[in-house]
Amino acid sequence: MHLLDRMLIRGYVKAYVVCLVSLLSLYVVIDLFTNVDEFAEQHRGLAPILKHIGVYYGYKLAHIFDLLCEAIVLLAAMFTVAWMQRNNELLPLLSAGISTQRVVRPVLLSATAMLGLTAANQELVLPQIATYLLYPRDDPNGEKEIEAHHAFEPNQIHIAGERASRRQRVVKNFSCVIPEALARKMLHLSAKEAYYFPPGEGSCGGGGWLLTGTQPAELEGWENTAVLRVLDSGKYFLYTREPTLRPSRATAPGSRSPLRDGCFRN
């Protein structure tokens, strides 16, 4: 690697860090002062409020970075080239016969490498903290109901609901569609309420949903108990693993569905 390359890469990294810290801090400060009342209403005393703010924005930073990452990459590249021109470092290089493309090549390669952080953040970080990203500022304990999004199981069972309570692990107006590959014909179930049981909890063993007030109340000749177990009239247990959320405008990139077990943690 030439001295020019090392100098430009080092300059780009410095500019990237400055832009990253500046934009993330600015976003957090503006958002905090806009919504500080929502944090203050949940606690009494300064220490609990600061803890709530720290935990909320600690997880939120990954989402903010996902929103601003492209702008940060572009700004860092602009600042790197502009700083060279300000210090009269660009003109001697061009006078020595070095082309403009050769000068900016390390900057473009550095920007491409930093874009890799975006993919890593979306694939590795956001899915792990998606549960906490769904928590609103004024409901740190999951006591309020939230909107439930539809999702697909790996075996193509479609599940959906209207409202969900994270604390009680319940979804109201729950519905699911079992495809023909798992039943003799496509089966649609609608339940007034569905309670989630993580793997190992409940008398039905594996994780899934306990459906109550379900229509149809009776299933004649149902044999696939590995997918759905009939407990009583209008009462079933649907075995699930890990539904994959279909992205929606109300959901952060890389986040998972509120129908997941993680969204009902206390």
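Residues are numbered from 1 along each chain as its sequence is written, and side-chain values use heavy atoms, with hydrogens and water left out. Because the model is predicted, local features need pLDDT of at least 70 and side-chain atom pairs count only at pLDDT 80 or more, while totals for chains, interfaces and linings use all residues.

The protein has 5 helices and 10 strands; helices (H or I, at least four residues) and strands (E, at least two) are DSSP runs numbered from the N terminus. Of its 266 residues, 40% count as buried, where buried means under 20% relative accessible area, exposed over 50% and partly exposed in between, with a 1.4 Å probe and protein chains only. Among contacts (heavy atoms within 4.5 Å) between residues at least 6 apart in sequence, 58% join residues at least 24 apart.

The buried residues of helix 1 include Leu8, Tyr12, Ala15, Tyr16 and Cys19. An α-helix has 3.6 residues a turn, so residues three or four places apart point the same way. The buried residues of helix 1 pack against helix 2 (36-40), helix 3, helix 4 and helix 5.

The largest nonpolar core has 29 residues. A nonpolar core is a set of buried Ala, Val, Leu, Ile, Met, Phe, Trp, Tyr and Cys residues joined through side-chain atoms within 4.5 Å. The residues with the most contacts inside this core are Tyr12, Tyr16, Phe39, Ile53, Tyr57, Val73 and Met84. Two or more residues each come from helix 1 (3-34), helix 3 (46-86), helix 4 (90-95) and helix 5 (100-133), and helix 3 gives the most, with 13 residues. Leaving aside residues up to four places away in sequence, Val73 touches Tyr12, Tyr16, Ala111, Met114 and Leu115. A second, separate core has 23 residues, among them Ile146, Ala151, Tyr196 and Leu219.

The whole structure holds 9 aromatic pairs; rings of Phe, Tyr and Trp (its six-membered ring) pair if their centres lie within 6.5 Å, with planes under 30 degrees apart counted as stacked, over 60 as edge-to-face and the rest as tilted. Phe174 is buried, at a relative accessible area of 1%, and Trp209 is buried with a value of 1%. Elsewhere, ring pairs link Phe39, Tyr56 and Tyr57 into a cluster. Arg86 lies over the face of Trp83, at 5.2 Å from the ring centre; a charge sits over a ring if NZ of Lys or CZ of Arg is within 6 Å of the ring centre and within 35 degrees of the ring normal.

Two threonines are also buried. Thr214, in strand 7, has a relative accessible area of 1% and touches Leu189, Ser190, Ala191, Gly234 and Tyr236, not counting residues up to four places away in sequence. Thr131 belongs to helix 5 and has a relative accessible area of 12%. Between Thr131 and Tyr59 there are 72 residues of sequence separation and 9.8 Å in space, C-alpha to C-alpha.

The loops hold some backbone features. The peptide bond from Gln215 to Pro216 is cis, with omega near 0°, and Pro216 is found in the loop between strand 7 and strand 8 (228-232). Gln156 is not a glycine, although its phi is positive at about 75°. This residue is in the loop between strand 2 (151-152) and strand 3 (158-160), and is partly exposed with a relative accessible area of 49%. Arg169, again not a glycine, has a positive phi of about 55°. Its place is in the loop between strand 4 (163-165) and strand 5, and Arg169 counts as partly exposed at 23% relative accessibility.
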